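Hi there,

Here is the structure I promised to pass on.

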2 protein chains.
Amino acid sequence: MKKLINDAADVVADALRGIEAAHGDRVRVDHDHHIVYRADAPVQGKVGLVSGGGSGHEPMHGGFVGPGMLDAACAGEVFTSPVPEQMQVATEGVDGGAGVLHIVKNYTGDIMNFEMAAELAAESDIRVETIVTDDDVAVTDSLYTAGRRGVGVTVLLEKIVGAAAEERRDLDAVLEVAKKVNGQGRSMGLALTSCTVPAAGKPTFELGEDEFELGIGIHGEPGRERRKLGPASELAQQLAEPILADLDFTGDAIALLNGMGGTPLLELYVMYGEVAKILEKSGVRVVRNLVGNYITSLEMAGCSLTLLKADDEIVKLWDAPVNTPGLRWGC
Amino acid sequence: MKKLINDAADVVADALRGIEAAHGDRVRVDHDHHIVYRADAPVQGKVGLVSGGGSGHEPMHGGFVGPGMLDAACAGEVFTSPVPEQMQVATEGVDGGAGVLHIVKNYTGDIMNFEMAAELAAESDIRVETIVTDDDVAVTDSLYTAGRRGVGVTVLLEKIVGAAAEERRDLDAVLEVAKKVNGQGRSMGLALTSCTVPAAGKPTFELGEDEFELGIGIHGEPGRERRKLGPASELAQQLAEPILADLDFTGDAIALLNGMGGTPLLELYVMYGEVAKILEKSGVRVVRNLVGNYITSLEMAGCSLTLLKADDEIVKLWDAPVNTPGLRWGC
């Protein structure tokens with residue numbers, strides 16, 4: 001295992017120190033609880049947005065904390081859910097009197113722990129609602145999940161719902177936007193290589209020199225099947241088809257072509273070019289897009305495609321200013 | 001070789017199609033000459049900024065084209081200089097009557113070809129000046145270079161000089177800012193793994209399981225020496241010390257902790273935390289920073305550190321709005 005780390009046991013704590021050192025102008029870090037807060041949290045009168053999950057998916061979620069996006073992100077150990085206490089502390093820390101929305105990717109550990117945190121917060125008279133993202137069309141049920149996994153749409157949702165909260169919409173209205181985004185988003189990923197969890201010290205799985213895993217999960221959990229690696233044009237088809245088959249995306253859409261962490265941007269652009277051709281032929285008009293590493297799996301080589309049906313409201317919220325380490329415009 | 005590409009011979013052309021598909025709102029692409037232009041180039045009365053170099057370093061340079069940064073970027077084949085004709089066409093394409101600055105990383109091929117392009121442009125009565133970046137303290141002279149190599153400072157320079165040109169400073173004044181930035185910037189990199197040039201099909205070099213290359217070049221060319229891989233705290237010291245020994249950075253600075261393409265952001269933050277401690281102890285006050293993949297070497301694992309001495313003028317130009325695929329704020 002070759003990594004830029006100190007002790008494998010300290011990797012999350014050390015990275016949080018780096019996030020604070022780099023972005024202390026926008027975020028502050030609770031090192032006892034491994035929480036990244038928006039610097040000015042709690043914002044009075046604004047719905048607080050709390051997300052979190054296992055580390056190793058950076059910039060998600062800590063890199064999406066700041067004005068126009070999350071109020072707090074709870075960092076678990078690598079690929080491991082944060083504990084309920086973290087989420088409870090974060091919920092109390094961001095409550096500005098308008099309630100708190102938990103944004104949870106559909107993984108069994110995260111669901112359970114965020115539920116416990118919501119119950120604990122209710123005892124402090126904080127109203128908490130929860131949106132569970134489950135956009136991955138690759139598999140229903142998996143090693144870590146009952147139902148579909150929550151992946152790329154989480155990034156788009158945190159941006160769009162962040163803008164809705166910034167407008168001072170109330171908790172019901174913010175939850176409604178969140179449900180709409182999750183309902184209109186679908187994702188599919190593939191991996192060319194495994195990744196190595198620092199504490200494990202060896203690759204999570206092995207893939208042959210001519211194989212890729214279609215429908216990979218963001219923790220390296222199995223997807224639909226292993227296939228023989230073909231050209232980017234075929235890979236793009238294998239990502240796009242299951243998404244387009246699952247929901248009618250004819251019309252406007254936001255597209256995220258996401259790198260898993262170890263794939264060069266050069267290759268992501270090759271893939272985006274192929275995806276764009278397929279979408280155009282399918283009547284999907286991409287009105288906004290992101291190409292890059294947004295929800296990663298450590299140094300895994302591969303990518304995922306996320307599509308989100310867009311209407312005027314979604315595009316307007318997308319275009320609103322955001323100022324986070326991982327996503328920034330208009331500020 | 002496992003890559004998200006079609007034919008290895010087409011990787012640059014295919015990636016440029018992806019860049020156009022993704023960022024057509026901000027850039028346009030000349031597919032015959034492999035040039036990425038700012039959508040509204042030439043901007044009348046503004047000094048035109050042209051950079052370029054081998055591909056495989058994305059987002060540099062094509063991802064830095066747009067308002068507040070470059071007017072055009074010429075893409076060579078992977079790790080290969082663009083040809084003079086590309087640079088000549090780009091120079092003519094961005095000339096808005098105020099002359100053109102060529103921003104060239106110090107590699108022998110780039111220097112030679114940009115010089116020829118400048119001579120050709122002079123025949124069309126376009127005044128061209130050139131800044132050659134040479135910030136890498138690792139080695140003097142190398143496989144591809146006479147003198148120090150141009151690396152991370154190029155990113156910072158393109159941003160800062162881009163802002164100066166946007167203010168409509170004249171060519172002499174823009175060149176002066178460029179010289180100042182290059183003179184005040186220093187870099188040092190390290191690699192944990194090699195990368196694979198698509199046309200070669202096999203890794204550029206090999207490193208033992210417990211080794212890293214200190215002072216690596218961005219094409220995988222050798223650095224100072226191979227050392228045994230230690231903890232991030234030691235690696236940060238090995239990057240920072242040669243930089244601090246080369247120039248007095250006491251006072252304000254802009255820091256870039258750059259990923260080489262295959263290193264997870266989690267690890268870059270671990271490294272940034274260590275670098276920040278060293279800089280603080282050394283009397284360097286980091287007033288602005290970037291942490292992420294900005295000047296990459298395909299899927300190489302590793303990172304580089306760039307420091308730039310900052311004064312009020314540099315910080316003001318840094319903070320000015322920029323709207324490119326790779327760097328965006330204030331827009």
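Let's start with one residue and its surroundings. Setting aside neighbours within four places in sequence, N258(A) is in contact with L268(A), G292(A), N293(A), Y294(A), I295(A), G302(A), C303(A) and S304(A). Before you go further, keep in mind that this is a predicted model.

Where does N258(A) sit? You'll find N258(A) in strand β10 of chain A, which covers residues 251–259. With a relative accessible area of 0%, N258(A) is buried, because anything under 20% gets that label. The side chain of N258(A) also reaches the backbone nitrogen of Y294(A), at 2.8 Å.

Now for the cysteines. One of the contacts of N258(A) is C303(A), and C303(A) counts as buried too, at 0% relative accessibility. C74(A) is buried as well, with 2% relative accessibility. C303(A) is in no disulfide: the nearest cysteine sulfur belongs to C195(A) and is 15 Å away. In case the term is new to you, a disulfide is a covalent bond between the sulfur atoms of two cysteines.

Next, a loop residue in chain A. A310(A) lies in the loop between β12 (302–309) and α8 (312–319). Is A310(A) buried or exposed? A310(A) counts as buried, because its relative accessibility is 14% and the cut-off is 20%. Not counting residues up to four places away in sequence, A310(A) touches D252(A), A253(A), I254(A), V287(A) and V315(A). From A310(A) to R288(A) it is 22 residues in sequence and 9.0 Å in space, C-alpha to C-alpha.

Over in chain B, take a look at V29(B). V29(B) belongs to strand β1, residues 27–30, and counts as buried at 11% relative accessibility. Leaving out neighbours within four places in sequence, V29(B) is in contact with L16(B), E20(B), I35(B) and V36(B). V29(B) and V153(B) are 124 residues apart along the chain, and 25 Å separates their C-alpha atoms.

Finally, how do the two chains meet? On each side the count is spelled out: 58 residues of chain B are in contact with 58 residues of chain A. The size of an interface is often given as the accessible area lost when the parts come together. Here, the area buried between chain B and chain A is about 4500 Å², and carbon and sulfur atoms give 64% of it. K2(B), L4(B) and L266(B) supply 21% of the area that chain B buries against chain A, more than any other three residues.

There are also polar links to look for. Between chain B and chain A the count is two salt bridges. One of them joins E267(B) to K3(A), with the closest N and O atoms 3.5 Å apart. Across the interface there are 24 residue pairs in polar contact. Several elements of chain B each supply at least two residues of the side that touches chain A, among them α1 (11–23), α6 (232–246) and β11 (284–292). The largest share, 10 residues, comes from α7(B). Sorted by type, the residues on that side of chain B are 31 nonpolar, 16 polar and 11 charged.

Cheers!

How values were computed
Residues are numbered from 1 along each chain as its sequence is written. Chains are lettered from A and ligands numbered from 1 in the order in which they are written. This is a predicted model: local features need pLDDT of at least 70, side-chain atom pairs count only at pLDDT 80 or more; totals for chains, interfaces and linings use all residues. Side-chain values use heavy atoms; hydrogens and water are left out. Buried means under 20% relative accessible area, exposed over 50%, partly exposed in between (1.4 Å probe, protein chains only). A disulfide is a pair of cysteine sulfur atoms within 2.5 Å. Contact means heavy atoms within 4.5 Å. Buried area is the accessible area (1.4 Å probe) that two parts lose on being put together, summed over both. A salt bridge is a side-chain nitrogen of Lys or Arg within 4 Å of a carboxyl oxygen of Asp or Glu. A polar contact is a pair of N or O atoms within 3.5 Å; within protein, one must be able to donate a hydrogen and the other to accept it, and residues adjacent in sequence count only if both atoms are side-chain atoms. Helices (H or I, at least four residues) and strands (E, at least two) are DSSP runs, numbered from the N terminus. Ala, Val, Leu, Ile, Met, Phe, Trp, Tyr, Cys and Pro count as nonpolar, Asp, Glu, Lys and Arg as charged, and the others, Gly among them, as polar.
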